[in-house]
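Here is a note for a colleague who is new to reading structures. Please keep the sequence and the model open beside the numbered points.

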Amino acid sequence: MAERVDSDQSSIRLQMRDVCKRFGATVALEDVSIEVAAGQVLALVGENGAGKSTLMKVCSGAVKADSGRMWLDGTPYRPSNPLEARRAGVAMIYQELSLTPHLNVQENIMLGMEPATLGVVRWKQVRQRAIEAIKEFDNPELTPDTRVSNLSVGSQQLVEIARALAIGCRVLVLDEPTSSLTQQDVERLFEIIGRLKQQGKAIVYISHFIEEVKRVADRVTVLRDGRAVGNSDVDDITIDEIVALMVGRQVEELYPRSGRQPGEVILEIEDLAGAEKPKSASLELHRGEVLGIAGLVGAGRTELLRSLFGLEPVRRGRIRLGVYTGPASPVRRWMQGAGLLSEDRKEEGLAVSLSVADNVTLSKLKGFGPLGLVLPSRQDKATRRWLERLDIRCLGPRQSVSSLSGGNQQKVALARLLQHDVDVLLLDEPTRGIDVAAKALVYKLINALATGSPTEGRKPKAVLMVSSYLPELMGVCDRVAVMCRGRLGPTHRIDEVNEHSLMLEATGQEVSA
Amino acid sequence: MSDKPMTPKAKRTFNWRSWLNTIGPVLALMAVYGVFVLIAPPSFATARNMEMIARQTTIVGVAALGMTMVIISGGIDLSVGSIVALSTVVIAWLLRYTGVNPLTAAVGGVAAAAFFGLISGMLITRLRVVPFIVTLGMMLVVRGAAKGIGREQKIDVDPERLRWLEELLASLPKERSWMLLPPGVWVLIILAVGMAALLRYTRLGRHTFAIGSNEQTARLCGVAVERVKVLVYTMCGAFAGLAGLMQFSRLTVGDPTVAVGLELNVIAAVVIGGGSLGGGEGSILGTLVGALIMTVIASGCTQRGYPNWVQEIVTGAIIVLAVAVDRLRHRRTV
C-alpha cells in the first residue's frame with residue numbers, strides 16, 4: 001500500500017497546502033499541509049487545541065481558511081459551506097453526531113436527497129438505497145424503520161457514515177469517532193474503516209488515542225499549536241515519538257506537585273447508585289489529595305459527580321461529606337462545603353450573559369452589603385482578587401462572560417468554587433477545550449489547593465476530578481480510580497498504574513495483576 | 001440475504017411505537033366522551049350533538065392543520081387568531097364593495113391570509129428573529145389591518161349575496177341529509193387527509209420534520225431550510241384564512257374583533273395531540289383529536305349545565321395533563 005501512495009502521485013485524493021487560519025488574535029493554523037491518497041487512512045493527531053478540528057472544518061467547508069489551497073483528485077477544491085463540500089464528495093462525521101433524532105434510519109440516510117416525483121417521495125427507492133448503504137455494516141440494530149433516537153451511539157454513528165456513503169463521498173473525515181464508543185463498537189468501526197479503504201475511499205481520522213492510530217492508520221500527521229510538526233508512515237514511527245511530537249515540551253513542568261499531606265477522610269461513598277448510572281461506586285477522598293476518575297465518555301463519571309452533588313437522584317448507597325450523611329440538594333451541598341465544576345461550561349457551568357463578578361459570586365451572595373443587600377462594588381472587589389490570582393484576562397469584573405475565551409471562562413467557573421471557599425471540589429473535565437497555558441494554570445491551581453498553605457492559614461482542600469485525558473490524570477492526581485459501564489473500580493496509587501493499564505480498565509478488559 | 005431476518009424485527013418495533021403514539025390521544029378522546037355520556041343528559045350522546053361537535057371543531061381544526069406543520073418544524077404562529085379575523089373582513093369587504101361572486105371572495109380572503117403567513121415566514125428566515133416574536137408582532141399587525149379595512153366596525157353583507165357561503169357550517173337541512181355532515185366539516189376532513197399525506201409522503205413534509213428535529217443537520221444535508229420554513233408559514237396563514245372562511249360562514253359578517261385568542265386553542269389542539277413545541281413531533285390525526293377533545297369538553301359541560309369557568313378549568317387541566325403524559329412516555333422510551 002505504501003508503495004502505491006509514494007509512486008503514484010495521481011492517486012492523491014485530497015491535498016491541502018499552506019492552510020492558515022486565525023481567530024482574532026489566536027493563530028489556529030499556520031501553513032499546514034496534508035495529503036491523503038485514495039484507499040488510505042491518514043491520522044491527524046495532536047492535543048486539544050492543536051488545530052485538528054479547525055483544519056478539518058476548513059476541509060469540509062464549515063470554516064473558511066485565510067489562505068492556502070486545496071485540491072480534490074487533482075482539481076482545485078474550494079467549498080464555501082458544508083453542503084458544497086458534501087456535494088463535492090467530502091463528508092465529515094462530527095464528534096457530536098448530526099442526525100435528526102425524530103426521523104428513522106432510512107430518512108436520516110437519505111435526508112436532503114430523497115428521490116421524488118412531483119414532491120412525493122419514492123419511498124421504495126429510499127428504502128432500497130438506505131438498505132444498500134447499511135448492508136455493509138451488518139448490524140442487527142440498524143434497520144431502515146428504526147427511529148434514530150432509539151439507537152445506541154455506536155449505531156447512530158454508523159447511520160452518519162451510511163449517509164456519507166449514500167452521497168458517494170470520496171473523502172470521509174472522522175472526528176474523534178471512538179471517544180464515546182464501547183470497545184465492541186470500536187472494533188466494528190475499525191472493520192468498517194478497513195472495508196471503506198478497500199473501496200478506495202480516502203479517510204482522515206482525527207484522534208488523540210495513539211494506540212488506535214497505530215492500528216487503523218497508514219500515515220500520521222502530528223499537529224501542535226496550529227502547525228504540522230511531523231508526517232510519517234505509521235510503521236516508521238513509535239508511539240513515544242508521536243507523543244513527543246504532540247507535546248513538544250517537558251511534560252514534568254506542566255504538572256507541578258508539591259508535598260501533599262493526605263489528611264482525614266472528608267468524602268466517603270459506599271455502593272452509590274443513581275437512576276441509571278452510576279451502578280455502583282465506592283471511594284474515600286482525603287483532605288489534601290487529588291483523586292482522579294478515569295473512564296470513557298458515557299461510563300457514568302459525570303453522573304457520579306452529579307448525584308453526589310444532588311443534581312441527579314441517588315437510588316442506593318451511602319454518602320458522607322464531612323459530618324453530613326445522605327444525599328442532599330445542590331443548595332445544601334454548597335452549604336456543606338462542596339462545589340461542582342460542570343463539564344458543560346456554556347450550558348450549565350456559567351451564566352454566560354452575566355458579568356464575571358455575577359458569575360463568581362453567584363453561589364454565595366452573602367457579605368456583599370448590610371441587610372442582605374448585594375452591592376455591586378463589593379462583588380467587584382471580591383472578584384478582582386480572583387482576576388489577579390487566576391490571571392483571568394478581561395476588562396474588569398463587569399465584562400460579560402460570553403466575550404471571554406474558553407480558558408478564561410473556565411477560570412471564572414473555578415473562581416466561583418474558590419470564592420465560595422469550598423473544602424471539596426468536584427471537577428468535571430476541568431481542562432476541556434482550553435489552551436495549554438490555561439491548562440497549566442489550572443493544574444498549578446489544583447496542586448496549590450490540595451497542598452494548602454499553612455503560612456497563609458489555608459487548609460488543604462480535597463479534589464475529586466473527572467477527566468478523559470489520561471496524561472492529565474497521571475500528572476495531577478495522587479490516586480486514581482477507573483469507571484467502566486457505571487461501575488467504579490478500586491482506587492490505585494498513581495505510581496501503581498500507567499496510561500495503558502488505565503485504558504485497559506476503562507474499556508472493560510481484565511487487568512493482569 | 002441479511003434483509004430477510006431484518007424485516008420482521010423492523011416491522012415489530014415500528015408498529016408498536018407508532019400504534020402507541022397515535023392511539024394515545026384517541027383513547028383520551030374516547031375516555032372524555034365516555035365520561036360525558038355517563039354524566040351528561042341523554043341529549044349528549046345523540047347523532048345531532050355529534051354533528052354539532054363536529055361543526056364546532058371545524059374552525060379550530062382547520063387552523064390547526066397549518067399550526068401542526070409549523071409546530072413540527074419547531075416554530076409557532078401566534079398570528080392565527082388575527083388572520084382568521086382578517087379573512088372574515090376581507091371576504092365581507094369583497095362581497096360588499098365589489099361585484100365578485102362568493103367563490104372569488106373566499107379565495108380573496110384565503111389569499112390575503114396566506115400573504116400575511118408569507119410575510120411571517122420571510123421575516124423569520126431573513127431577519128433571523130425567533131418565530132414567537134415575529135408572529136407576536138404579526139398578531140398585532142394583522143389585527144390592526146383587519147380593523148383598518150373594516151374601519152373599526154363589522155362589515156355587513158347583503159344576505160342575498162352570501163349563497164353557499166352561509167351553509168358551510170350550518171346544520172344540514174332534511175333534504176340534504178345524505179351528506180351526513182355539513183360541507184365545511186367535509187372540507188376539514190379532506191384537507192386533513194391531504195395534510196397527513198403531505199407530511200408523511202412528500203419531501204416538503206419530511207423536511208419539515210427534519211428541520212424541527214435538528215435544523216443544523218437538515219441544512220448540512222442540503223435541505224432548503226429557509227424555503228421550507230417560508231412555505232410552512234405561508235401554508236399556516238392559508239389554513240388560518242380557510243378557518244376565517246368558516247368563521248365568516250357562521251357569522252355572515254366580517255368582524256375584525258372575532259377570534260381573539262383563538263391561536264391558543266389551536267396550539268392547544270396540536271399539543272394535546274402529541275405535538276412537541278421543541279419540534280420534530282406531531283401528527284394531523286393527533287391534532288384533530290386534540291381539537292375534538294376540547295369541543296367535547298365544552299359541549300358536555302354546557303349540556304351538563306356547568307358554567308363557563310368550569311369548562312375553562314377542565315380544558316386547561318387537560319392541556320397540562322396531555323403534555324405531562326407525553327413527557328412521561330418520552331422519558332421511558334429515550
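How many residues does the contact take from chain B and from chain A?

1. The contact between the chains. This is a predicted model, and in it the contact takes 25 residues from chain A and 26 residues from chain B. On the side of chain B that touches chain A, α1 (3–39), α7 (203–213) and α8 (215–220) of chain B each supply at least two residues. Sorted by class, the residues on that side of chain B are 12 nonpolar, nine polar and five charged.

2. Confidence. The model scores ipTM 0.78 and pTM 0.77. Chain B has a mean pLDDT of 88, with 92% of its residues at 70 or more, but over residues 1–13 of chain B the pLDDT stays under 50, and for this stretch the model has 10 contacts beyond four places in sequence. Where pLDDT is low, the predicted coordinates should not be read in detail.

3. Two helices of chain B. Two packed helices are described by the angle between their axes and the distance between the axes. The axes of α7(B) and helix α9 (residues 225–251) of chain B come within 10 Å and cross at roughly 105°; angles of 65 to 115 degrees count as roughly perpendicular, and the two helices are therefore described as roughly perpendicular to each other. In this contact α7(B) contributes L204(B), H207(B), T208(B) and I211(B), while α9(B) contributes V225(B), V228(B), K229(B), L231(B) and V232(B). By class, the contact has six nonpolar, two polar and one charged residues.

4. The sheet of six strands in chain A. Strands of a sheet pair through backbone hydrogen bonds, either parallel or antiparallel. Chain A has an open sheet of six strands with mixed pairing, in the order β6-β9-β10-β3-β11-β12. At its edges stand β6 (90–93) and β12 of chain A, each with a single partner strand, so one side of each is left without a neighbour in the sheet. On average, and with direction ignored, neighbouring strands of this sheet are turned by 15° against each other.

5. Pairing and packing within that sheet. Strand β9 (residues 171–175) and strand β10 (residues 202–206) of chain A pair in the parallel sense over five bridges, and D175(A) stands opposite I206(A) in β10(A). Helix α6 (residues 153–166) of chain A packs on the sheet, where it touches β6 and β9 of chain A, and its direction makes about 175° with that of β6(A). Helix α9 (residues 239–247) of chain A, in turn, lies across β3 (41–45), β11 and β12 of chain A and runs at about 30° to β11(A).

6. A hairpin in chain A. Strands β13 (residues 265–274) and β14 (residues 281–286) of chain A run antiparallel and are joined by five bridges, with V265(A) opposite H286(A) in β14(A). The hairpin passes from β13(A) to β14(A) through six residues. In the loop between these strands of chain A is P278(A), which is joined to K277(A) by a cis peptide bond with omega about -10°.

7. Backbone angles to check. Most residues other than glycine have a negative phi, and most peptide bonds are trans. D18(A), in strand β1 (residues 12–23) of chain A, has a positive phi near 55°, and it counts as partly exposed because it has 13 C-beta neighbours inside 10 Å. D225(A), in the loop between β11 (219–224) and β12 (227–233) of chain A, has a positive phi of about 45°; D225(A) is partly exposed, with 18 other C-beta atoms within 10 Å.

Definitions and conventions:
Residues are numbered from 1 along each chain as its sequence is written. Chains are lettered from A and ligands numbered from 1 in the order in which they are written. This is a predicted model: local features need pLDDT of at least 70, side-chain atom pairs count only at pLDDT 80 or more; totals for chains, interfaces and linings use all residues. Two residues are in contact if their C-beta atoms, placed from the backbone, lie within 7 Å. Helices (H or I, at least four residues) and strands (E, at least two) are DSSP runs, numbered from the N terminus. Ala, Val, Leu, Ile, Met, Phe, Trp, Tyr, Cys and Pro count as nonpolar, Asp, Glu, Lys and Arg as charged, and the others, Gly among them, as polar. Two strands pair if DSSP finds at least two bridges between them. Axes are lines fitted to C-alpha atoms, for helices over the stretch in contact, and angles run from 0 to 180 degrees between N-to-C directions. Angles under 35 degrees count as roughly parallel, over 145 as roughly antiparallel, 65 to 115 as roughly perpendicular and the rest as oblique. pLDDT is the predictor's confidence in each residue, from 0 to 100. A residue is buried if 20 or more other C-beta atoms lie within 10 Å of its own, exposed if 12 or fewer, and partly exposed in between; C-beta atoms are placed from the backbone.
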